[in-house]
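Hi everyone, thanks for coming.

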Amino acid sequence: MPLTTADKRAAFKKLHESGCFIIPNPFDAGSARALQHLGFKALASTSAGFAWTIAKADNRVTVDDVCDHLTAICAAVDIPVNADFEGGFAVEPEQVAINVARGVKTGVAGL
């Protein structure tokens, strides 16, 4: 049975409480599954790795691109995913807050 987002977040918190751990960076859902299969307990997205998979330069992806990407990775694995969410894809605090809320809805365990 797949883990819920709440389960993944609790597992991520527990990993942090236990000390250091290795957290690799998948660039798509397939590499995320492969890393999970290798036994990693958590993953972290990669902004550059993702950008290059859609033929864009790092820091040239949109918040929509990243949220779609994070949703796909989170749905593909039963382990926590931490998001490389740049600077929140905005300058004004209010817009950063809106974008962070969007990021949280993707199922990530951390930003």
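Let's begin with Ser-31, which lies in helix 2, residues 29-37. Helices here are DSSP runs of H or I with at least four residues, strands are runs of E with at least two, and both are numbered from the N terminus. Before going further, a word on the model: it is predicted, so local features need pLDDT of at least 70 and side-chain atom pairs count only at pLDDT 80 or more, while totals for chains, interfaces and linings use all residues. Residues are numbered from 1 along each chain as its sequence is written, and side-chain values use heavy atoms, with hydrogens and water left out.

Back to our serine. Is Ser-31 buried or exposed? Ser-31 counts as buried, because its relative accessibility is 14%. Buried means under 20% relative accessible area, exposed means over 50%, and partly exposed is in between, using a 1.4 Å probe and protein chains only. Ser-31 and Ala-48 are 17 residues apart along the chain, and their C-alpha atoms are separated by 15 Å.

Now, what does helix 2 pack against? Helix 2 and helix 4 pack at an angle of about 30 degrees, with axes 9 Å apart. The axes are lines fitted to C-alpha atoms, for helices over the stretch in contact, and the angles run from 0 to 180 degrees between N-to-C directions. Helix 2 brings Ala-29, Ala-32 and Arg-33 to the contact, and helix 4 brings Ala-72, Ile-73 and Ala-76. Contact here means heavy atoms within 4.5 Å. The residues of this contact divide into 5 nonpolar, no polar and 1 charged. For that count, Ala, Val, Leu, Ile, Met, Phe, Trp, Tyr, Cys and Pro are nonpolar, Asp, Glu, Lys and Arg are charged, and the others, Gly among them, are polar.

Helix 4, residues 63-76, also packs with helix 5, residues 93-104, at an angle of about 20 degrees and with axes 9 Å apart. Val-63, Asp-64 and Cys-67 in helix 4 meet Asn-99, Arg-102 and Gly-103 in helix 5. That contact divides into 2 nonpolar, 2 polar and 2 charged residues.

Next, the loop between strand 2, residues 81-82, and helix 5, where we find Ala-83. With a relative accessible area of 5%, Ala-83 is buried. Which residues does Ala-83 touch, leaving aside neighbours within four places in sequence? They are Ser-45, Leu-70, Val-108, Gly-110 and Leu-111. Glu-86 lies in this loop too, between strand 2 and helix 5. Glu-86 has a positive phi of about 50 degrees although it is not a glycine, and at a relative accessible area of 36% Glu-86 is partly exposed.

Finally, the aromatic rings: the structure holds 2 aromatic pairs. The centres of Phe-12 and Phe-21 are 6.2 Å apart and their planes are at 75 degrees, so this pair is edge-to-face. Phe-85 and Phe-89 are also edge-to-face, at 5.2 Å centre to centre and 80 degrees between the planes. Rings of Phe, Tyr and Trp (its six-membered ring) pair if their centres lie within 6.5 Å; planes under 30 degrees apart are stacked, over 60 edge-to-face, and the rest tilted.
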